[in-house]
Structures are given as structure tokens and as C-alpha cells.
Amino acid sequence: MIQLAIDLAFILEKAILIGGIITVSLVVAMYSTWAERKVAGFMQDRLGPNRAGPFGLLQPLADGLKLFMKEEIIPNASNKFLFILGPGLAMMTAMMTSAVIPWGKQIEIFGRTVDLQIADINIGILYIFAVLSMGVYGIMIGGWASNNKFSLLAALRGASQMISYELAMGLAIIALLMLTGSLSLKTIVEQQSAAGGWWNIFYQPLGFLIFIVCAFAECNRTPFDLPEAENELNFGYHQEYSSMKLGFYLFAEYINMFMSSVLMATLYFGGYDIPFVNDASLIESMGMNTVAILQGLSLFAKAAFFIFFFMWVRWTIPRFRYDQLMHLGWKVMIPLALINMLITGVIVLIKENGWPF
Amino acid sequence: MNITEILFWLLTVVALTGALLVVTSKNPVYSVLALIATFFAISGHYILLNAQFLAVVNLIVYAGAIMVLFLFVIMLMNLNTETEPQKNKWLKMAGTVAGGCLLLVLVAALREADSKSTIAMVNTGDTGLIQNLGKTLFNEYVIPFEISSVLFLSAMVGAVVLGKKE
């Protein structure tokens, strides 16, 4: 008999962590839909959802129930396997980013010290890029399998948009990496939260600007929601979808939004760092677990601000035309990112070697 | 069996099944998807060898960029099972023989190579980590590395010239 040598406690710990993070992401995404409508209501001087529960707080549950109850329609001429695979892929790639994000420092349960991060791999940022480039498949497969010209057009739009903006995003990140010297998200957060460390936004304001614009494009949010431009393409790549499959696509967008908000907070705004406080001395006075919770809350507060920013922009700025979008991506964002990279490189060199002239 | 071995066998099965599906499936979109699955499995193998950078770059470049272009072309040309031209029997036979010949040449070439005695360093080696890889690339192999970037630049210029042609 072959012995299975597996550390059960380790697997259990990671499984609980994964379950917890997925649950939290789903709940945040659920309430993002509610918050979006409330923000839209506020911006347009109306009330927004207020019927289900106090302040309409049960509205997401009602929406979810509605989506579950709707009839499931799979078009006759569609490719059934891929039609079902599409939303699943979109959801999966949206969730996968959470694996390398540090949600807090450490907690201690039953004598075990548990890192609040699913996997601290030393290529954290590259992993996120790999997952991002996988995100295209959910849209493309869904759009193609529907066997509908509008869906296919929207899918092609979405895919080329994501590929174009990935480049500028990557270049913006490279400038950041020159400063941090590490690809591990945990190390990046620790550098920012160390005593005397500044948040990266102060070193990389232009890089952050490029990053946030590209994040909007990657999430297919207004002003870059060309893949679902309803006045040109009816409903975009998920036109043929109904019931919870449509729900998956819509939900994946909100999870993407949450993940990119967390990522922006992690890379540029100190991650779980509590501002104006020395975390190390706080751990001594308050204990490890309390500080970990506070750090998690701090990260969520930063993420919540960015989610609000996403909504704010959505209800303020109209949609780009498609050629304007491509022009912005290739002729504005990429040169800007390259210049940012050049300046950062020069400054890093001068800092290391002194002024040579 | 420890967890590394289990993962190794699992990934091997996925890689081989995916590779077979690429060749055998009639629908070209399925072929592309199977190829993506194969790339994932191979990246998993890289991770088992502790070559994390290689694994992720394999995913970004091959599974993320090149396969998307493949999918683009297939979707735009709307290649389906119905439109897929059925090759005749003799052509298939010739293909099999040619593939077999290639296999024979590869096996003959690798039979005497000394790679048989070297054992993969599963889960231990650190040459594949990004730090060591970067240092090696920019110290020992800096000239070939830069020359290959010039090669890419010339390919890009060539593509633009071809695209601009009226």
C-alpha cells in the first residue's frame, strides 16, 4: 500500500483561508451591486433601491433569487459545452487573483501562526498578470459560443481591448518594480508599512494614474465598457445568456472590480498598512490577532474607496468611441508608461551610484 | 506517494490528454482550448521543478497572448466542424508516417545524450527563481539576450510594413 504523506493541518488551514476569502469576495461583490445602484441614485438625485429591507439592503439577495429562478435558455445553434464553459471561466479567473494578495499580517490560532495570504510566491505580480491574460477567454468563448454576430463582435472588442491595456499596465508595474526590487506582494506591502517607509503612490504618481486607467479598461467598466455598449451591440458578449449564467458574467465584473481595487491598494497605498501608525509597536501593545483584524479592515477601507471611485467614474464620464479607446491605449498610455519607466530608471541609477557629473 | 508525486502524475495525464485532444478533436476551437490546457499542465511541471518564472511566463506569453490570437483567427474565419475540410485517407497516412519519422529522429538523437543520467531537481533547485535567472541572463548571456530583442524589433517593424501596404 502506498502511503499518502500529506500535511493535513496545512491543507486544512489553506482550505479554510481559501473558503473565507472566496466568501468575503462574493459578499463584497454582491453588495457592490447594491452600492452601485445607491451611488447611481445619489448621483442622479434619486433614492435608488429602498424596498427590500432597510435601505434596500436585501436587494442583492432578491436579485440573486430572481436570477436563479429565471428560465435557463441555451440557444439551439450555440455550442453547448463552450456556452456553459464561458461564464465559469470568467468567474474562475476573476477569483484566482485573490490567491497572492496579502490580506493582513499574521494571526495565531491554536498555537499555529497563520499567514493571511493563500500563497506567498516570489512572482506574485507576474501571477496576477497571467490570471489577467486568462480573463480574456471567458469573454471570447462566451461570445463565440453564443453564435450571435453581436456577441462575437463584442467578444473580439473585449479581447483586443484587454490585450492592448495589459501592455501599458505591465509597463506601469515595471517602473514600480524597479523601486521595490521584489515581485512578491508581501514584500512590497512590508516595504511600505515599515517604519519610515512611504506608500508607493508618492514615488509613482504617474504609474498609478496609468494603472488605474488600465484597470478600468481591464474590468470593462465605463468609460471603457465597449464590449457591452448597448446602443451599438444590444447587450454585448452576454446577450444570449439568461438566468445564473448571465449572473456569473455580471458578478465576475464586480469581483474583478473588487480585486483590482485591492490590488491598487496593495501596490500603491500600502496594502494592509494602517496609516499614521507604526504596526510593529501596535502588535506589542494590542496583540497579534487584533492588529491583523485592524489591518484587514484598513485594506478593505482602501478597497472600498476605490470601488466607490469606479462607480463615481461610471456615472460621471460617458463612453469612449472604439477608435478613441485604441488611440488612448496605444498612443497615449504606452508612451507615457515608457517615459515613466525611463524617469524611474534614471532616478534609481542616480540614487545608487551618486550624481556622476 | 507524496504530494509532489501525485501532482506530477496528475499533470502528466492532463498534459498528454490535452496534447492528444489537440490533434484528434474535429472542432478547431476545441483544439485551441486543449492546447491551453496542455500549456497549463506544462507550467505545473515547471513549478514542480521550482522554475516559477518560466512557468508564469509560459502562461502569459503562450496561453495568454499567442493562444488568444489563434482563437481570434479561428473565430473570425468561423471555422467549424462543418467547414473543416476532410483530408483524404492517403494524406492522413502520409502525415502519420512523417510524424513517426520525426519521433524516430528525436528518440535517436536523445538516446545517446547525457541527459539520461541527470536527475531533475524536484522542488529544490533555485536556478529557476527570478533572481538567479535575471542575474544569469544579464551577466553571462547579455549579448544574445540583447540581440534577440533586436530580432523582435525587426519582426515588429516587418509586421508594421506588411500591415501598412496598401
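**Cavities and a glutamine**

Guide: A:Ile125, A:Ile128, A:Phe129, A:Leu132, A:Met169, A:Ile173, A:Phe211, A:Leu263 and A:Leu267 line the second largest cavity. A cavity is a set of points on a 1 Å grid over the protein atoms alone where a 1.4 Å probe fits but cannot get out, and lining residues have an atom within 4 Å of a point. This is a predicted model, where local features need pLDDT of at least 70, side-chain atom pairs count only at pLDDT 80 or more, and totals for chains, interfaces and linings use all residues. Residues are numbered from 1 along each chain as its sequence is written, chains are lettered from A and ligands numbered from 1 in the order written, and side-chain values use heavy atoms, with hydrogens and water left out.

Visitor: Which elements give two or more residues to the lining of the second largest cavity?

Guide: H4, H5 and H9 of chain A do. H4(A) has the largest share, four residues. Helices here are DSSP runs (H or I, at least four residues), numbered from the N terminus.

Visitor: How much space lies in the second largest cavity?

Guide: About 40 Å³, the volume being the space filled by probe spheres set on the grid points, joined across faces, edges and corners.

Visitor: And its lining by class?

Guide: Nine nonpolar, no polar and no charged residues. Ala, Val, Leu, Ile, Met, Phe, Trp, Tyr, Cys and Pro count as nonpolar, Asp, Glu, Lys and Arg as charged, and the others, Gly among them, as polar.

Visitor: How many cavities of 30 Å³ or more does the structure hold?

Guide: Two. The largest cavity has about 350 Å³ of space and 23 lining residues, with A:Leu132, A:Met162, A:Glu218, A:Cys219 and A:Asn256 nearest its centre.

Visitor: What classes are in the lining of the largest cavity?

Guide: There are 14 nonpolar, six polar and three charged residues. H9(A) gives the largest share of that lining, seven residues.

Visitor: Changing topic: is A:Gln192 buried or exposed?

Guide: A:Gln192 counts as buried because its relative accessible area is 2%, and the cut-off for buried is under 20% (1.4 Å probe, protein chains only). A:Gln192 lies in helix H6, residues 185-193 of chain A.

Visitor: Which backbone nitrogen does the side chain of A:Gln192 reach at 3.1 Å?

Guide: That of A:Asn200. A polar atom of the A:Gln192 side chain also lies 2.9 Å from the backbone nitrogen of A:Gly270.

Terms used:
Buried means under 20% relative accessible area, exposed over 50%, partly exposed in between (1.4 Å probe, protein chains only). A polar contact is a pair of N or O atoms within 3.5 Å; within protein, one must be able to donate a hydrogen and the other to accept it, and residues adjacent in sequence count only if both atoms are side-chain atoms. On a 1 Å grid over the protein atoms alone, a cavity is a set of points where a 1.4 Å probe fits but cannot get out, and a pocket is an open set with protein on both sides within 12 Å along at least five of seven lines; lining residues have an atom within 4 Å of a point.
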